[in-house]
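Please keep the sequence and the structure in view while reading.

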Amino acid sequence: MTHRPGRVLPVVTAPAAVLSSPAAAVDPRNPDIAQLAADLVATMRVSPGCVGLAAPQVGAGVQVFVLDITGHRKARSCHGLVVMANPRILDEGPAKPGREGCMSVPDLTGDVARATTITVAGTVPGTGEQRTVTADAFEARALQHELDHLDGLLFLDRVVGTHALHARKRYL
Amino acid sequence: MGELAVAVLGPDRPGVIAALTEVLLAEAGNLTDASMTILRGQFAMTLVVDVPVDVDRVEADLAPVADRLGLLVSVREVAPAVEQPERPQPYLVRVHGADRPGIVHRVAALLAARDVNITDLTTRLSGGLYILIAEVEIPDALDADELSAALTALAGDLGVHATLEPSSADLL
């Protein structure tokens with residue numbers, strides 16, 4: 001967890017190169033990384049419908065993401081705010097398709113198959129504390145979406161078929 | 001008479017499908033396969049109809065509807081579909097990146113040069129982002145890894161991102 005005040009950053013949209021490049025591992029104790037994490041949280045909080053944000057989405061090609069699905073209607077597991085650097089998948093269950101959107105692809109959604117359960121371990125920026133999260137349903141999907149960003153992948157790289165892209169319904 | 005293919009293109013509005021199928025139904029036509037969509041406001045439809053009258057008769061029947069609705073209509077005879085004993089494993093080609101002329105052609109030409117058949121293809125232009133998703137059938141003699149490497153090289157050339165994966169048709 002980070003307690004720094006975060007700044008709201010502009011969100012980068014595809015086809016920006018940073019979104020299609022693998023992100024670099026970071027030193028989680030670096031104060032700049034802790035600040036970046038705080039900025040991601042602040043940016044996520046002010047963005048309608050946003051439940052997660054990865055560093056490449058604000059133009060930083062490093063392995064940091066934030067996630068908070070609290071209150072989402074599709075949520076089962078919910079770990080509140082998750083902030084991680086250098087995450088890795090420890091375990092994952094069978095895949096199921098579902099609809100996803102992304103602030104970096106603002107006008108489209110897509111049907112993507114994701115593991116319905118997942119265990120992810122990473123380091124909390126700032127404190128350096130190790131954290132492991134085991135999630136299911138929507139939280140598992142959101143985690144995989146954010147981890148994909150750190151691998152340089154968008155949901156566009158995962159859509160399940162030629163008719164799996166859809167025009168986005170606007171929030172407002 | 002057998003099966004006829006009908007291709008229709010024109011400005012989208014409510015009632016286009018109803019008007020066209022009313023004509024076909026009046027000739028005791030039975031629709032077999034049909035695909036209909038809207039491309040940038042243009043209604044596009046292709047259908048195969050099993051109908052006991054000939055091409056000229058169907059064209060004449062459809063002409064008043066085409067005139068009234070501003071549609072381009074084309075009718076031709078098709079040979080009965082031949083069921084292939086076993087179709088190859090379908091793969092999905094996904095390409096996205098900055099829009100530029102030639103993405104579809106270069107990808108399609110690469111596939112054609114390797115005798116890879118495109119069985120379904122969708123493209124979208126969303127702002128400056130271009131997305132192509134194609135379902136393809138790879139001949140047994142062709143190594144999917146070789147095709148994947150060729151697509152990646154082409155994508156680099158075009159400044160876009162490309163992936164090739166087996167299609168999981170059972171997921172949706």
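In this predicted model, strands β6(B) and β7(B) run antiparallel and are joined by nine bridges. Across this pairing, Leu125(B) stands opposite Tyr130(B) in β7(B). Both strands belong to an open sheet of four strands in chain B, with antiparallel pairing and the order β6-β7-β5-β8, in which β6 and β8 of chain B are the edge strands, each pairing on one side only. Neighbouring strands of this sheet are turned by 10° against each other on average, direction ignored.

| Helix | Strands of chain B touched or crossed | Angle |
|---|---|---|
| α4(B) | β5 and β8 | about 165° with β8(B) |

Within α3(B), which spans residues 103-113, Ile103(B), Val107(B) and Leu111(B) are buried; these residues lie on the same side of the helix because they cover an arc of only 55° around its axis. An α-helix has 3.6 residues a turn, so residues three or four places apart point the same way. The buried residues of α3(B) pack against β5, β6, β7, α4 and β8 of chain B, whereas His105(B), Ala109(B), Ala112(B) and Ala113(B), on the other side of the helix, are exposed. After α3(B) comes Asp115(B), whose phi is positive, near 65°.

Turning to the contact between the chains, 16 residues come from chain A and 23 residues from chain B. On the side of chain A that touches chain B, the largest share, four residues, comes from strand β5 (residues 105-115) of chain A, and by class this side has nine nonpolar, four polar and three charged residues.

Notes
Residues are numbered from 1 along each chain as its sequence is written. Chains are lettered from A and ligands numbered from 1 in the order in which they are written. This is a predicted model: local features need pLDDT of at least 70, side-chain atom pairs count only at pLDDT 80 or more; totals for chains, interfaces and linings use all residues. A residue is buried if 20 or more other C-beta atoms lie within 10 Å of its own, exposed if 12 or fewer, and partly exposed in between; C-beta atoms are placed from the backbone. Helices (H or I, at least four residues) and strands (E, at least two) are DSSP runs, numbered from the N terminus. The arc is that of the directions from the helix axis to the C-beta atoms. Two residues are in contact if their C-beta atoms, placed from the backbone, lie within 7 Å. Ala, Val, Leu, Ile, Met, Phe, Trp, Tyr, Cys and Pro count as nonpolar, Asp, Glu, Lys and Arg as charged, and the others, Gly among them, as polar. Two strands pair if DSSP finds at least two bridges between them. Axes are lines fitted to C-alpha atoms, for helices over the stretch in contact, and angles run from 0 to 180 degrees between N-to-C directions.
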